[in-house]
Amino acid sequence: MAPPTHTTASSEDLATDILAALDKSQPLLSSDAFPSATFVDLKAALDRLASREMVKYDTIERQEALLEPEAEQIAANGSHEARVFEALRKAVEGLSVKELEEAIGDKNVVKIGQGKAFKEKWISKTKDGKFTAVADKITDTTQEQIKTVQQTKTHPDPKILADLKKRKLIRTQNIFSFKIHKGPKFALKIPEEATDLTADMIASGAWKTATFKPYNFKALGATQNGGALHPLNKVRQELRNIFFEMGFEEMPTDKFVESGFWNFDALFVPQQHPARDLQDTFYISDPKAADFPRADSPNDTKDYQAYWDNVKAVHQDGKYGSIGYRYPWSGDESLRLVLRTHTTAISANMLHKLAATKGPDGKPLPARYFSIDRVFRNETVDATHLAEFHQVEGVIADYGLTLGGLMEFMEIFFGKMGLHDLQFKPAYNPYTEPSMEIFAYHKGLGKLVEIGNSGMFRAEMLESMGLPKDMRVFGWGLSLERPTMIKYGISNIRELLGHKVDLEFVQGSPAVLLGQE
């Protein structure tokens, strides 16, 4: 006996209907028994019954082919090429393109159909430019194929299905149905299940006969939309741990706006340098100028006027063994406000304060500083550049430092990040001499990649601050984004920082352990 079809109002009614139908016949196919029920209602009802072991079911997935509107017309009227042939067959003397369009009533059918009819050698062109039918009879294969799909929702030949889909005559969709069996606790009535053991049940003894709903330990529970650290913050914290482990002190980097003095002039960057152009630097319009360099705390007793004069002399005339740039240095240009282009402006300020400290021998004490914070450049935004990004910077001030020592320290520092076999290339920076670009072999990319820049701060920059001649300073920097992109396999920086960031990526990004795969 074939199972009856049903129309249901709710998943609760549907569950009862499933039990009634299953009592008459099993196994039960949901597509036959409940054709009007939605997938969501069926699944909800079956899960409810399955959780009580009243039914068991298997999910059946199949693919159905549905006709597009153009295919519906072909099924009813014939393919485009068949309609062209039929119109020409009726017109014994042939038809021009215009006459053929009038006969069929659809320019698109004529445009597509004539080409395919020519290919099948059903029609030809006469000397006077008219089309005429040349075949005695034809088989409209396309219409037959489409009628098969229309009737069976599929076609026995997968190649034909693929061709019809490529021609945009059909579309496919996945259909889910269920094969339902009786379960070990099958019954026609759904028993009431208690979810809690109450005091009343204990007092009355009703708990002895009550059916309790079992715990579902496999339930995932509601999604918890908790906070998540951005991948940049995860990598940033790992880098901070490396710096702290190596005895560094974190610099205060809360000043996004700097004067040209600290951002450029104190670093021996000439006022004509391209980096100071509007095309590369964001200048502040209001207020336009900074105050003259001054102490930022009562304990700061440094002579800022002397420092200002030293920087001017180094640029304009040369000093401390340097011939300078020999140009008329402008104080107004030095006080222009900018969005800082690098955190080295903070490093310069910290080194200037270091010059005022005195150790047991009366000289400034050795120091190690680092910073990780945002900087700004007037860049064209693309897959690898943003107008704002994060700079990681380290500075070591000590006596007797050498370039070889810097290279060795870079091996140790980047080794803690999992980067080995470093290579160094000579480079130019206005405030370091010598300067080096740092490269490392990246196994994932299979090539050398630039990972940072480094150098020894220039003597005329350091002595202007009041640091002794025998104190040397290492400096190096890298972007925070580069190692993060490599670690997470991101090729477009805009997917990491900015308004295009996918919040699901942020929430699902794994923890980072630099130096480990």
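Biologist: What should I know about the model before we start?

Modeller: It's predicted, so local features need pLDDT of at least 70 and side-chain atom pairs count only at pLDDT 80 or more, while totals for chains, interfaces and linings use all residues. Residues are numbered from 1 along each chain as its sequence is written, and side-chain values use heavy atoms, with hydrogens and water left out.

Biologist: Why is the pair of Phe261 and Trp308 called stacked?

Modeller: Rings of Phe, Tyr and Trp (its six-membered ring) pair if their centres lie within 6.5 Å; planes under 30 degrees apart count as stacked, over 60 as edge-to-face and the rest as tilted. Here the centres are 5.4 Å apart and the planes sit at 20 degrees, so Phe261 and Trp308 are stacked.

Biologist: Which helices does that pair tie together?

Modeller: Phe261 is in helix H12 (residues 260-263) and Trp308 in helix H13 (residues 304-316), so parts 47 residues apart in sequence are tied together. Helices (H or I, at least four residues) and strands (E, at least two) are DSSP runs, numbered from the N terminus.

Biologist: How do you know whether Phe261 is buried or exposed?

Modeller: Buried means under 20% relative accessible area, exposed over 50%, partly exposed in between (1.4 Å probe, protein chains only). Phe261 has 0%, so it's buried. Trp308, at 9%, counts as buried too.

Biologist: What makes Tyr57 and Phe178 edge-to-face?

Modeller: Their planes are 85 degrees apart, with 5.5 Å centre to centre. Tyr57 is in strand E2 (residues 55-67) and Phe178 in strand E5 (residues 170-182), 121 residues apart. Phe178 is buried, at 0% relative accessible area.

Biologist: What makes Arg336 count as lying over the face of Tyr283?

Modeller: The rule wants NZ of Lys or CZ of Arg within 6 Å of the ring centre and within 35 degrees of the ring normal. Arg336 lies over the face of Tyr283, at 3.9 Å from the ring centre.
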